[in-house]
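Here is a briefing on the structure shown below.

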Amino acid sequence: MKYLFDYSLEELENLLVDGGYKKFSASQIFDWVYKKLTLDFDSMSNISKELREYLKKEMSLELPTITKKEVSKDTTVKYLFNFKDESKVEGVLMHHPYGTSYCISSQVGCNMGCAFCASGLKKKSRDLTSGEMVSMIIKTMLDSNERISHIVIMGTGEPLDNFDNVIKFIKIVNAPKGLEIGIRHITLSTSGLAPKIKELADKGMGINLAISLHAPTDDLRMRLMPIDKAYKINEVIDASNYYFEKTGRRITFEYLLLEGVNDSMYYADKLVELVRGMNAYINLIPYNHVDEFEFKESNSKNVDRFYNQLKSRGINVTMRHKMGDDIDAACGQLRSKIMKEEEIKK
Ligand code: SAH
Ligand code: SF4
């Protein structure tokens, strides 16, 4: 059985033409699925009976099930989905003044092993396909009865380690006949796979790029993020400059503030030296506590001091607000909690 959500419009057109059907039926199917959110071929009234029978035989529109859903006081909704092979993956729906954004996972687990991250507690068991990523969005829209206007690829997994599926996912959700989510409304966050950042730049798509820096020196970054052993900070900066030159999109560097680890004035100044002159901003991120680790969120005095130091030295700096703090909304946290509970039950 083929999975409809894996298909771009062009691919569906080709499939239909090869099967002896009309090319424009693909647009009609996309309209039912992505605009009307109708997932039952029999209800697609402008499609011929013969084609509907063919689709029912050949194509699946099955969605993952929702294993767990948590709603925060601030209206953030966190979903844990279950796929047919029992893989569990999360997605988070967030309401902002500018629209509704969705944080999507790209892999089942993550191999990058960052020292502070719940997603890295479990090794990657597999990549998600582009269709599975699309299906999570459709499931969320149906469940919440809301359209999604922005996507952040910041859930579990390293998206550039699942490059082809993630690129295809972006193309499908961006397509005018698909969900039509603007390319400038899509942000990908990476731990810094320098060669892949360049490859992404060469794709010329112009999505927003966020880079998880978290430390301005290799000595420190290596301890927090093992990926630093493969790609040093200067390679990541070089790739970021390349991305900016190619796409004209300003890079965001994410910097998690961890008490007593990376929040001193020494590191603030190192960070200034690193990014000065670049067309970039620094996004300071509050840490969501993960039980397995000893890291602590920086206290508000250190946060203010760090922020002011960057600001006074001319760096574009923003603070991310915590969302869904009461529902384990940080990267990989709900998944890791549920998996732990399941292990205890076993
Ligand atoms: N793998 C990619 C994208 C997913 S992680 C990456 O690392 O960029 C998305 C962001 O959440 C990263 O910046 C990551 O460092 C951050 N993050 C991970 N654990 C966190 C936690 N406990 N609290 C706050 N942010 C966290
Ligand atoms: Fe993976 Fe990103 Fe978590 Fe690091 S921070 S373990 S790269 S998901």
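Glu297 sits in the loop between strand S13 (280–286) and helix H11 (300–312). Helices (H or I, at least four residues) and strands (E, at least two) are DSSP runs, numbered from the N terminus. The model is predicted: local features need pLDDT of at least 70, side-chain atom pairs count only at pLDDT 80 or more, and totals for chains, interfaces and linings use all residues. Residues are numbered from 1 along each chain as its sequence is written, chains are lettered from A and ligands numbered from 1 in the order in which they are written, and side-chain values use heavy atoms, with hydrogens and water left out.

**Glu297 and its surroundings**

- Glu297 is partly exposed, because its relative accessible area is 38%. The classes are buried (under 20% relative accessible area), exposed (over 50%) and partly exposed (in between), with a 1.4 Å probe and protein chains only.
- Glu297 and Pro286 are 11 residues apart along the chain, and their C-alpha atoms are separated by 6.2 Å.
- Setting aside neighbours within four places in sequence, Glu297 contacts Leu257, Glu259, Pro286, Tyr287 and Lys322. Contact means heavy atoms within 4.5 Å.

**Ligand 1**

- Around ligand 1 there are 19 residues, and Gly157, Ser189, Ser212, His214 and Asn288 come nearest. A residue is near a molecule or strand if one of its heavy atoms lies within 4 Å of it.
- Gly157 contributes a polar backbone atom, 2.8 Å from a nitrogen atom of ligand 1. A polar contact is a pair of N or O atoms within 3.5 Å; within protein, one must be able to donate a hydrogen and the other to accept it, and residues adjacent in sequence count only if both atoms are side-chain atoms.
- Ser212 has a polar side-chain atom 2.6 Å from an oxygen atom of ligand 1.
- His214 also places a polar side-chain atom 2.6 Å from an oxygen atom of ligand 1.

**Ligand 2**

- The shell of ligand 2 holds 10 residues, with Cys110, Met112, Cys114, Cys117 and Ser191 the closest.
- By class, this shell has 5 nonpolar, 5 polar and no charged residues. Ala, Val, Leu, Ile, Met, Phe, Trp, Tyr, Cys and Pro count as nonpolar, Asp, Glu, Lys and Arg as charged, and the others, Gly among them, as polar.

**The second largest pocket**

- The second largest pocket has a volume of about 290 Å³.
- Its lining has 15 residues, of which Tyr3, Glu62, Phe83, Lys84 and Glu132 lie nearest the centre of the pocket. On a 1 Å grid over the protein atoms alone, a pocket is an open set of points where a 1.4 Å probe fits, with protein on both sides within 12 Å along at least five of seven lines; lining residues have an atom within 4 Å of a point.
- The lining of the second largest pocket divides into 5 nonpolar, 4 polar and 6 charged residues.

**The loop between S11 and H7**

- Ala215 lies in the loop between S11 and H7. Ala215 is buried, because its relative accessible area is 0%.
- Beyond four places in sequence, Ala215 touches Leu220, Arg221, Leu224, Ile233 and Tyr255.
- Ala215 and Val261 are 46 residues apart along the chain, with 9.1 Å between their C-alpha atoms.
- Thr217 is found in the loop between strand S11 (208–212) and helix H7 (218–224). Thr217 is buried, with a relative accessible area of 14%.
- Apart from neighbours within four places in sequence, Thr217 is in contact with Ile233, Tyr267 and Lys270.

**Positive phi outside glycine**

- Glu86 is not a glycine, yet has a positive phi of about 75°. Glu86 lies in the loop between strand S4 (77–82) and S5. Glu86 is exposed, with a relative accessible area of 51%.
- Asn145 is not a glycine either, and has a positive phi of about 60°. Asn145 lies in the loop between helix H4 (130–144) and strand S9 (150–153). Asn145 counts as exposed, because its relative accessibility is 71%.

- His96 is in strand S5 (residues 88–96). Leaving out neighbours within four places in sequence, His96 contacts Ser101 and Met323.
- The side chains of His96 and Ser101 are joined by a polar contact of 2.9 Å.
- Ser25 is in helix H2 (residues 25–35). Ser25 is buried, with a relative accessible area of 8%.
- Ser25 touches Leu16, Ile47 and Leu51, not counting residues up to four places away in sequence.

How values were computed:
Points joined across faces, edges and corners; volume = space filled by probe spheres on them.
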